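Here is a short briefing on one protein chain, written to be read side by side with its sequence and structure. Please keep both in view as you go through the points.

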Amino acid sequence: MDEDEVRTEAWWGRRAWVLLSAVRARAPLVQCITNLVSMDIVANALLAAGASPAMLHCLREVPDFSPRCDAVYINVGTLSEDWLPSMRAAASAGRPWVFDPVAVAASGFRMEVCLSLLALRPAVVRGNASEILALASRSDNSSFKGVDSSHDSSDALQAAKALAQSNGAVVAVSGAVDFITDGVQVVSASNGVPMMQKITATGCAVTALIAAFVGADPSDALVAAACALAIFGLAGEIGMESAKGPASLRMHLIDALYSLDEQTVTSRVKISLLP
């Protein structure tokens, strides 16, 4: 992209549609080594968006399979020591990969694992504010509340920038407003509805969607991450129009993700480049 191009909200809307269209046209293969709770919604969200999920975590398959993927998604939610060699091998397979450090501050062991994976240079790290604060400070002594965040996304913005600068990854902080940074640029994405927090593993699903967008176009991970977050949030907004509660929102969100059209995306995506 032209460095002089002005990234207005209209530009972001068009770019989000281009990337979603690329996912639908190319069906990027995304290997997901993700937690047991999230596998269903992750696979269904990827399919609804047009990607091809592969829930493969056997170490003996990784050398043959991972290099053929368009992207790899690694999530440590239900962390098991048995899966660590597969995670490390897949992250080292030469494909762009996206990391979700779920509940990184839950234990010293989890922090150690997340830091070892971070050293393998993910393209994108996506977490809630508490996770990003803990990962950036390399501390498991932060205020811990399971997989939920005890901080607003804006609280972790400086930590996200520092983490991006030190690691070379794009860092996305999820919250009521999502912030995405490469350590220099900061972008906000503000689509979504509060009830999405009442559906388990929506954060896991949106991180997988980021991997699909990166797989479809790895040239700009910051743009891919911002657009994926906004698209997923927009699907939640549309789903909420028909939902009666978390269970029906989950269904309608996936349907909305499948049905998004150009006019809806370009007019309703809310992404801004912050000064």
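Predicted model: local features only at pLDDT ≥ 70, side-chain atom pairs only at ≥ 80, totals over all residues.

Asp 178 stands opposite Ala 189 in strand 8, and this pair belongs to the antiparallel pairing of strand 7 (residues 178-181) with strand 8, which extends over four bridges.

**Around strand 8**

- The hairpin formed by strand 7 and strand 8 has four residues between the strands, and in this hairpin Gly 183 takes a positive phi near 100°.
- Strand 8 also pairs with strand 9 in the antiparallel sense, here over three bridges, and Ala 189 stands opposite Ile 271 of strand 9.
- In a regular strand the side chains alternate between the two faces of the sheet.
- Strand 8 (residues 186-189) is covered on both faces, with Val 186 and Ser 188 buried on one side and Val 187 and Ala 189 buried on the other.

- Nine strands form an open sheet with mixed pairing, in the order 2-1-3-4-5-6-7-8-9.
- At the edges lie strand 2 (52-54) and strand 9 (271-273), each of which pairs on one side only.
- Neighbouring strands of this sheet are turned against each other by 20° on average, if direction is ignored.
- Strand 1 (residues 29-33) and strand 3 (residues 71-75) run parallel and are joined by four bridges, with Gln 31 standing opposite Val 72 in strand 3.

**Helices**

- Helix 5 (residues 108-118) lies across strand 3, strand 4 (97-100) and strand 5 (124-128), and runs at about 160° to strand 4.
- Helix 6 (residues 129-137) also packs on the sheet, where it touches strand 4, strand 5 and strand 6 (170-174), and its direction makes about 120° with that of strand 5.
- Helix 2 (residues 39-49) has several buried residues, among them Ile 41, Val 42, Ala 45 and Leu 46, and just after this helix Gly 50 takes a positive phi of about 110°.

**The chain overall**

- The secondary structure of the chain comes to 11 helices and nine strands.
- A compact globule of 275 residues would have a radius of gyration near 19 Å, and the 17 Å of this chain agrees with that.
- Of the 275 residues in the chain, 55% are buried.
- Among contacts with a separation of 6 or more, 72% are between residues 24 or more positions apart.
- The chain exposes about 11400 Å², of which carbon and sulfur atoms supply 51%.

Note on methods
Residues numbered from 1 in each chain as written. Heavy atoms only, no water. Pairing = 2+ DSSP bridges. Helix = DSSP H or I, 4+ residues; strand = E, 2+ residues; numbered from the N terminus. Axes fitted to C-alpha atoms, helices over the stretch in contact; angles between N-to-C directions. Contact = heavy atoms within 4.5 Å. Rg over C-alpha atoms; globule rule 2.2 N^0.38 Å. Buried < 20%, exposed > 50% of the residue type's maximum accessible area, 1.4 Å probe, protein only. Areas by Shrake-Rupley, 256 points an atom, 1.4 Å probe, with all protein chains shown as cover.
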